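Hi,

Here is the model I promised to send over.

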Amino acid sequence: MKSVVIGAGQAGLSAAYWLQRRGLRPWGDYVALDSNDGPGGAWRHRWASLTFDAAHGLHPLPGLPLEAPDPAEPSSAVVSRYYGEYERTFGLPVERPVRITSVTRPTDDDGLLVSAADGRSWLASTVISATGTWDRPHWPRYPGQELFRGRQLHTHDFVSAEEFRGQRVLVVGGGTSALQFLLQLDAAGATTFWSTRRTPDFRTAPFDANWGADVERRVGERTRAGLPPLSVVAATGLPLTGQYRDGIERGVLASLGPLSRLTREGAVLAGGRGLELDAILWATGFRASLGHLAPLGLREHGGGVLMSDDGVSVVREPRLFLVGYGASASTVGATRAGRAAAVAALHRLDALPRPENREGARSA
């Protein structure tokens with residue numbers, strides 16, 4: 001097999017499209033392996049109240065426009081339908097569900113061995129890893145966290161604000177998900193409190209192409225230094241939309257400051273104020289899902305993966321290309337990174353001696 005793409009979200013589908021567009025044969029030369037039961041990537045798992053008009057950063061894939069649907073339709077349904085249509089339109093070789101457990105270096109071969117939980121494996125000359133972040137929710141640790149008798153859940157597990165009607169809910173986190181949760185919980189009849197480590201960074205500057213390029217530059221500087229990527233909100237700030245401005249004026253989007261510890265009945269803020277709570281919603285983001293790459297030993301002393309100047313090539317492993325990581329974690333960044341990874345993988349293949357450019361997969 002010439003190339004294996006791990007993941008069929010925005011970045012993985014973009015990479016698959018360009019591999020095929022540049023001449024690799026589906027199923028024979030390359031395949032995309034996805035852990036989900038159907039199309040949609042991480043969007044497939046988003047809560048139903050995250051509608052198309054409320055979702056940030058929905059961008060089209062190459063070659064197929066993203067038609068504007070009903071703005072009130074759940075973004076999970078919109079993206080799952082769009083990705084499914086994309087796979088069918090271009091005949092992309094997506095195999096699912098396949099849960100990848102490891103990528104290793106076989107001692108008897110120059111390729112990389114991609115192994116799945118069901119015992120199958122694929123030997124490939126190049127691997128494009130596009131696993132994103134959704135299956136690695138970040139749960140911060142605070143004193144007393146195990147004592148709290150109420151409910152604790154993460155963005156990853158959120159289903160509906162209606163579940164919290166009449167309850168006292170603390171939302172922890174400074175990103176756009178936290179803002180959306182606070183507004184939805186308030187509308188559903190919950191009493192809300194908001195805790196952030198820093199003062200919320202609302203910005204009125206236009207979120208245009210220049211802004212996006214600046215964000216990617218700053219995030220890219222860290223990954224090229226082998227440091228972990230910044231959180232999304234640390235890199236972008238919060239857009240001061242009319243909806244958010246209204247929430248600020250009504251006092252719903254007013255941070256109470258950092259959290260200090262949890263108690264049996266609730267939480268204590270850094271300033272000493274105590275809160276009686278029924279639930280805590282941790283809107284504290286996600287980390288890059290790279291566990292399957294652990295056998296390759298890619299981590300630097302700074303904790304990140306050292307990336308080359310193209311943003312997708314891994315310095316410690318020239319046969320591996322990483323997308324949906326760092327600057328390519330957003331959907332627009334992921335689309336571009338998918339193309340860059342495909343081009344880089346093809347250049348790698350072109351440089352190999354002909355016997356190395358073999359086909360096929362093997363089962364373990």
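**Helix H2 and its surroundings**

The buried residues of H2 pack against H1 and strand E3 (94-95). Here, buried is under 20% relative accessible area, exposed is over 50% and partly exposed lies in between (1.4 Å probe, protein chains only), while packing or touching needs heavy atoms within 4.5 Å. Helices (H or I, at least four residues) and strands (E, at least two) are DSSP runs, numbered from the N terminus.

Before you read on: this is a predicted model, where local features need pLDDT of at least 70, side-chain atom pairs count only at pLDDT 80 or more, and totals for chains, interfaces and linings use all residues. Residues are numbered from 1 along each chain as its sequence is written, and side-chain values use heavy atoms, with hydrogens and water left out.

Back to H2: its buried residues include Val78, Val79, Tyr82, Tyr83 and Tyr86. Just after H2, glycine 91 has a positive phi of about 60°.

Of its 64 residues, Ile128 and Leu185 touch the most other members. H7 gives this core its largest share, 8 residues.

Last, serine 195, which sits in strand E10 (residues 191-195). Serine 195 is buried, with a relative accessible area of 2%. A polar atom of its side chain lies 3.3 Å from the backbone nitrogen of leucine 259. Leaving aside residues up to four places away in sequence, serine 195 touches Leu259 and Leu269, among others.

Cheers

Methods: A polar contact is a pair of N or O atoms within 3.5 Å; within protein, one must be able to donate a hydrogen and the other to accept it, and residues adjacent in sequence count only if both atoms are side-chain atoms. A nonpolar core is a set of buried Ala, Val, Leu, Ile, Met, Phe, Trp, Tyr and Cys residues joined through side-chain atoms within 4.5 Å.
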